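Please open the structure in your viewer and keep the selection tool at hand.

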Amino acid sequence: MSVAFPQQQASGYARAVTRGMGGLRGRWPLSQELLALLVALYFSIAANATFFRVVGGTGAFAGFRGLGFGFGLFVAITALNTFLLLVLLNRRWAKPLIVVLLLVTSCAGYYMSRYTVYLDPDMIRNVLHTDSKESRELVSWGMLPTVLLLGVLPAAALWLVELKRYPARLAFARRGLAIAASLLVAAGAVLSMYQPMASLMRNHHEVRYLIMPGNYLVSMASVLKGAGNPGPRIAVGLQAKVVGRPPNAKPRLVVLVVGETVRAQNWGLDGYSRQTTPQLAAIDGLINFSDVTACGSSTEVSVPCMFSPYGRSHYDADKIKRSQGLLHVLDHAGINTLWRDNQTGCKGTCEGLPFESVEHATIAGACTREGCLDEAMLHGLVERVAQAPGDMVVVLHQLGNHGPAYFSRYPQTLARFQPVCTSSDLGQCSGEQIVNAYDNAVLYTDEFLARAIHLLAGMASRDTALLYVSDHGESLGENGLFLHGIPYAIAPSTQTKVPMVLWLSPGLIASRGIDPACLADEARQPASHDNLFHSVLGLLQVQTPERQPGLDLFAKCTGPGSGRNLEHG
């Protein structure tokens with residue numbers, strides 16, 4: 001049965017429906033100032049659990065005064081987030097901007113709660129330099145509930161808000177008063193808890209990189225500020241030259257293997273309960289350095305640092321970024337260089353010098369559509385070296401144990417330790433499964449290095465050497481930490497202690513007058529990434545004012561004409 005409405009009645013019905021829909025769209029009329037406060041409260045409650053958990057772990061919230069300190073922190077964070085939003089928001093883009101912040105904060109919050117990630121500038125650089133393959137490994141279904149609940153759901157609710165309009169002068173006055181009020185509340189909260197706050201910032205100042213969303217916004221601003229074109233790198237080692245070479249000595253080839261995410265705690269040669277380095281252990285004359293400290297807890301820091309003359313002892317991130325490094329000094333001295341990469345590049349350390357990537361190569365048995373195993377870097381290496389007469393240094397930058405997909409870093413023939421974690425979401429796996437997959441990947445680095453050494457040993461036309469050192473370590477769940485990149489000042493030894501091994505051919509030992517027994521004794525002493533720059537120059541007898549003999553691992557163990565007797569040394 002149909003019902004016919006008179007025209008006026010139909011028109012009135014349509015207007016009522018329209019009014020109803022409009023009321024539904026704008027049923028929450030809010031000022032921008034109140035919206036900023038509500039969103040700031042939401043961030044304090046829903047996005048800062050990791051911050052409060054870590055601070056609570058320091059004992060700062062113990063007792064009645066501790067509870068007051070916790071409340072003061074909550075008020076201060078809310079007030080500062082309100083200030084930040086008041087500065088950023090404009091009626092035209094307020095809702096889109098808040099939606100972006102909600103979604104990004106929910107994703108960041110997932111990784112912070114899962115792995116206790118500190119979003120400092122170094123971590124933001126790591127994120128920005130992550131390629132598509134690494135990104136796919138970091139995205140898992142496990143993060144979906146967090147993103148939906150803490151990001152998508154509040155973002156959807158935001159569209160039910162209608163922002164109030166005010167005359168320009170009134171809007172300006174309201175915004176100014178709100179900004180002043182937020183700053184006064186924040187200042188009052190900080191002053192009321194000044195002593196415990198000062199103690200926390202003095203002893204655990206890195207926790208500020210856990211406060212969301214200010215951590216990634218401030219860190220991103222810092223990274224972007226320094227991302228401009230710095231111009232040509234400051235030249236280093238322009239006076240470098242090779243001196244003291246024995247007459248009729250063979251050309252030298254030094255292979256530097258930059259490992260990825262291998263920690264000393266799981267290195268068989270360093271006394272690990274499992275033998276994860278069986279092939280290296282069987283090589284005669286191999287020298288293992290048993291106490292080596294990395295320059296950073298991430299690739300973005302460690303790789304440029306270890307190739308610079310400044311190192312951790314004189315660490316200056318901007319200076320390292322703007323200066324040439326080891327490979328440039330070798331180039332100035334007339335020594336050929338080549339960087340072969342199975343990672344995300346040389347981080348500026350080979351800028352302007354020969355570079356080859358195998359990340360997307362199609363080498364049968366070593367590569368798939370997902371990427372290549374490290375052995376791909378050895379493919380054609382002998383032929384490539386033959387094209388460069390004279391001394392040469394080749395850097396092989398491994399994919400190594402790059403997490404969280406440890407299970408994909410080795411062939412199944414080396415899946416010795418079982419069961420393994422076969423997920424990129426480490427939260428889905430037991431501690432035993434994670435360590436098993438990680439140790440299998442260490443076994444593959446052992447095989448890769450052994451294969452490289454055997455290849456070098458077969459080069460009769462050259463005196464050869466291989467030096468391997470990992471860029472940084474990894475946390476595998478100890479104290480709730482996973483992966484790496486913790487600010488260096490508070491990074492655990494799992495992230496800063498790394499393996500390092502050295503192999504020298506008999507010909508190079510003889511031509512350089514090296515005492516292997518002496519070198520083995522030196523390897524028991526503490527060493528660090530700071531030694532790399534100076535030791536490689538010493539081994540190749542490169543004279544330059546930048547070389548410090550005290551940091552040359554070979555200086556004490558070479559005979560006449562050796563590195564310790566170089567001019568300026």
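Select residues 252–259, which form strand β4, together with β10; the two strands pair in the parallel sense over 6 bridges. Strands here are DSSP runs of type E with at least two residues, helices are runs of H or I with at least four residues, and both are numbered from the N terminus. Two strands count as paired if DSSP finds at least two bridges between them. Within this pairing, Leu 253 stands opposite Met 392 of β10.

Two remarks on the source are needed before continuing. This is a predicted model, in which local features need pLDDT of at least 70 and side-chain atom pairs count only at pLDDT 80 or more, while totals for chains, interfaces and linings use all residues. Residues are numbered from 1 along each chain as its sequence is written, and side-chain values use heavy atoms, with hydrogens and water left out.

Show the side chains of β10 next. Which residues point one way from β10, and which the other way? Met 392, Val 394 and Leu 396 point one way, Val 393, Val 395 and His 397 point the other way, and all are buried. Buried means under 20% relative accessible area, exposed means over 50%, and partly exposed lies in between (1.4 Å probe, protein chains only). Because 6 of the 6 residues of β10 are buried, the strand is largely enclosed by the rest of the structure.

Return to Leu 449: not counting residues up to four places away in sequence, Leu 449 touches Val 257, Trp 267, Leu 280, Leu 466, Tyr 468 and Val 501. Such a contact means heavy atoms within 4.5 Å.

Now select Asp 425, in the loop between β10 (392–397) and α17 (431–457). Is Asp 425 buried or exposed? Its relative accessible area is 2%, so Asp 425 is buried. The side chain of Asp 425 makes a polar contact with the side chain of Arg 114 (3.1 Å). A polar contact is a pair of N or O atoms within 3.5 Å; within protein, one must be able to donate a hydrogen and the other to accept it, and residues adjacent in sequence count only if both atoms are side-chain atoms. Leaving aside neighbours within four places in sequence, the residues in contact with Asp 425 are Tyr 110, Arg 114, Tyr 115, Ser 140 and Gly 142.

Finally, display the cysteines. A disulfide is a pair of cysteine sulfur atoms within 2.5 Å, and by this rule there are 5 disulfides. Cys 421 and Cys 429 form one, with their sulfur atoms 2.1 Å apart; at 65 degrees about the S-S bond, this link is right-handed. Another joins Cys 346 to Cys 350 (S to S 2.2 Å). The torsion about the S-S bond of Cys 346 and Cys 350 is about -90 degrees, so this disulfide is left-handed. End with the disulfide from Cys 518 to Cys 557 (S to S 2.1 Å). Cys 518 lies in helix α20 (residues 516–522) and Cys 557 in the segment after β16 (542–543), 39 residues apart.
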